[in-house]
Structures are given as C-alpha cells and as structure tokens.
Amino acid sequence: MADEATEASMRLRDVVAVAILLSLTTAACSRLTFVRPNPKIGKTEPNGPTYDFKDSPEVKRETALRDRIALAQARLATGQIDEAERLAQEALRMDSKSPDVYTVLGVIADQRANSAQAGGYYAKAAELAPTQGIALNNYGAWLCGNGRAAESMTWFDRALADPAYRERASAMANSGACALQAGQLERAEKTLRAALALEPENPVALEAMADVQYRGARYMEARAFSERRLAAAPASRAALRLASLIENKLGDKAAADRYAQRLRTEFPQAGAVQQLGEPSQP
C-alpha cells in the first residue's frame with residue numbers, strides 16, 4: 001500500500017541519518033556508520049579548532065577538512081541544519097572529491113525531505129569511494145528506500161566485500177530487508193539470520209524476519225521475532241501492524257486488539273487507523 005511504502009522509505013532514510021548522527025536513532029533503524037567523528041571534536045572551541053602551524057600545508061588542509069565535517073555532524077546532531085550545511089559546503093570547497101562531504105550533504109538533504117538530491121549525494125560518495133563499505137551501504141539503503149530494492153542488492157554485496165567495513169550486521173540487515181521488499185524471500189531469510197547472528201537485537205533484521213515468517217505462515221516464529229523487535233527499539237507503525245496481524249492468525253484477539261490500539265494511539269496520522277489487512281506482497 002502507498003502509506004506503507006512511504007513509511008518504509010522514511011525508515012530507510014532514518015537509517016541513513018542515524019549512521020552519521022549517531023544520536024538520532026528512530027524506530028526500526030539499523031545502525032550504519034558513515035563518517036567517523038573526529039575524536040578531537042569535543043575538545044575544540046565553539047568557534048572552531050586550533051591548528052599546529054608546524055604541520056605541512058597538506059596536513060593542515062586535511063585537518064581543517066576533517067574538523068569541518070565533524071562540526072557539520074555535530075550541528076546536525078543538535079538540529080542546526082542550516083549551520084551544518086554551511087560547514088559542509090565549506091568542506092566541499094576545500095575538497096570536492098571527499099566522499100565524506102557528500103555523505104554529510106546527503107544526510108542534510110534527507111533531513112530536508114529532499115530525497116532526490118540526497119540520492120545524488122549518496123551516489124557521488126559511492127562513485128568516489130567505490131570499494132568503501134560505508135558509502136556503498138549508504139547508497140544501497142537510499143535505493144531500497146526509494147523503490148529500487150532489487151537494484152540495491154548489488155550495492156550491499158559490494159559493501160560486504162569491503163574487509164575493513166565494521167558495520168557488517170547493519171549492511172546484512174538492510175540487504176535482507178530489501179531482499180524481502182524485492183520478493184527474494186529465500187535470500188532475505190538467509191541474510192537476515194546472518195545479520196542476527198552478528199547483532200541479535202538489530203531492529204531492522206528482527207522486523208523483516210517477523211515479516212518473512214508471517215509470509216511463510218510460521219506464525220509462532222513470527223510472533224517471537226515480532227516481540228523481540230518491539231523490545232529492541234521504539235515501535236514503528238509497520239511493526240505494530242504486523243504484530244496485530246500475527247496475533248490474529250494465532251487466534252489471540254485480545255493481543256491483536258492491544259497492538260491495534262497502540263497503532264491508533266501512537267500513530268494517529270492519516271492512514272494509521274485504517275482497518276488492518278494483509279501485508280502487501282512484494
């Protein structure tokens with residue numbers, strides 16, 4: 001359904017934002033990592049960093065660039081989007097080929113609900129860092145969140161091929177969830193189980209696994225994954241809706257009604273209170 005597609009896209013955009021902001025975790029988002037914050041950032045003065053002028057010009061330029069990016073991240077974390085963009089544009093003028101700068105700009109565009117512009121920035125970051133798992137995972141997540149789930153699979157595979165990429169569980173969770181969206185159920189389950197082996201409480205993987213089990217009419221297993229999902233992170237509309245559908249299949253009307261009531265209470269916006277139906281099939 002259109003509302004669910006919109007919500008799925010928003011959840012993936014939240015995944016992208018979380019990666020760079022760290023403190024903006026939302027429901028059903030896996031943790032990706034885009035740009036590692038500069039450990040010196042908390043020690044700088046409000047007006048910016050200080051530099052050791054004994055360094056070479058190249059080192060000073062790179063240090064200034066890193067600090068501009070870290071400052072932009074810090075401003076985003078506190079909701080200062082205009083200031084974050086100003087800093088990111090400064091960094092872009094300093095180095096127009098930095099994938100990290102394009103990632104920051106992509107997050108800013110996402111925060112402003114400009115998905116098309118964000119996609120261009122994520123694509124540019126991936127182009128500039130074609131073997132970097134961080135950039136590849138980001139672009140895959142954007143593709144999947146914008147109706148291109150099948151296309152995103154290649155990017156997640158490339159991200160996981162990076163031996164230095166540490167957020168493997170997040171890439172696997174995204175890959176599995178997007179495989180489900182693309183109708184690749186066997187791949188989805190295999191990948192999601194691998195993600196959960198690495199990170200048992202990953203909410204993206206748990207929610208997608210609950211859906212996989214539901215679609216396979218394995219309702220007890222679906223319930224177990226659904227309960228784990230709701231315990232792992234704040235509820236999403238899709239997670240509550242799926243939990244209610246699962247309980248209906250198991251014949252527990254009281255539990256189904258409780259989830260439906262939570263859905264109405266926590267997500268009263270248009271479309272959230274419509275009568276529950278079967279999940280849309282990929």
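On a 1 Å grid over the protein atoms alone, I took a cavity as a set of points where a 1.4 Å probe fits but cannot get out, with lining residues having an atom within 4 Å of a point; grid points are joined across faces, edges and corners, and a volume is the space filled by probe spheres set on the points.

I note that this is a predicted model, in which local features need pLDDT of at least 70 and side-chain atom pairs count only at pLDDT 80 or more, while totals for chains, interfaces and linings use all residues. Residues are numbered from 1 along each chain as its sequence is written, and side-chain values use heavy atoms, with hydrogens and water left out.

**Second largest cavity.** I read a volume of about 30 Å³ for the second largest cavity, and I listed its lining as Arg223, Ser226, Glu227, Ala243, Ile246, Glu247 and Tyr259. Helix H11 (219-232) and helix H12 (237-249) each supply at least two residues of this lining, where helices are DSSP runs (H or I, at least four residues) numbered from the N terminus.

**Helix H8.** I checked the length of H8 (residues 168-181): at 1.5 Å a residue its 14 residues should span 20 Å, and the end C-alpha atoms are 20 Å apart, which agrees; the expected span is 1.5 Å times one less than the number of residues. I found 11 of the 14 residues of H8 buried (under 20% relative accessible area, with a 1.4 Å probe and protein chains only), among them Met172, Asn174, Cys178 and Leu180. Just after H8, I noted a positive phi of about 85° at Gly183.

**Nonpolar cores.** I looked up the largest nonpolar core, which has 61 residues, and those with the most contacts inside it are Leu76, Val101, Val104, Leu105, Ile108 and Tyr139; such a core is a set of buried Ala, Val, Leu, Ile, Met, Phe, Trp, Tyr and Cys residues joined through side-chain atoms within 4.5 Å. Helix H10 (residues 203-215) gives the most to this core, with eight residues. Apart from this core lies another, of eight residues, including Ala235, Ala243, Leu263 and Phe267.

I placed Leu76 in helix H2 (residues 57-77), and Leu76 counts as buried because its relative accessibility is 3%. The C-alpha atoms of Leu76 and Ile108 are separated by 7.7 Å, although these residues are 32 residues apart along the chain. For Val101, leaving aside neighbours within four places in sequence, I listed contacts (heavy atoms within 4.5 Å) with Leu65, Ile69, Ala88, Ala91, Leu92 and Asp95.

Definitions and conventions: 1 Å grid on protein atoms, 1.4 Å probe; cavity = no way out; pocket = protein on both sides within 12 Å on 5 of 7 lines; lining within 4 Å. Buried < 20%, exposed > 50% of the residue type's maximum accessible area, 1.4 Å probe, protein only.
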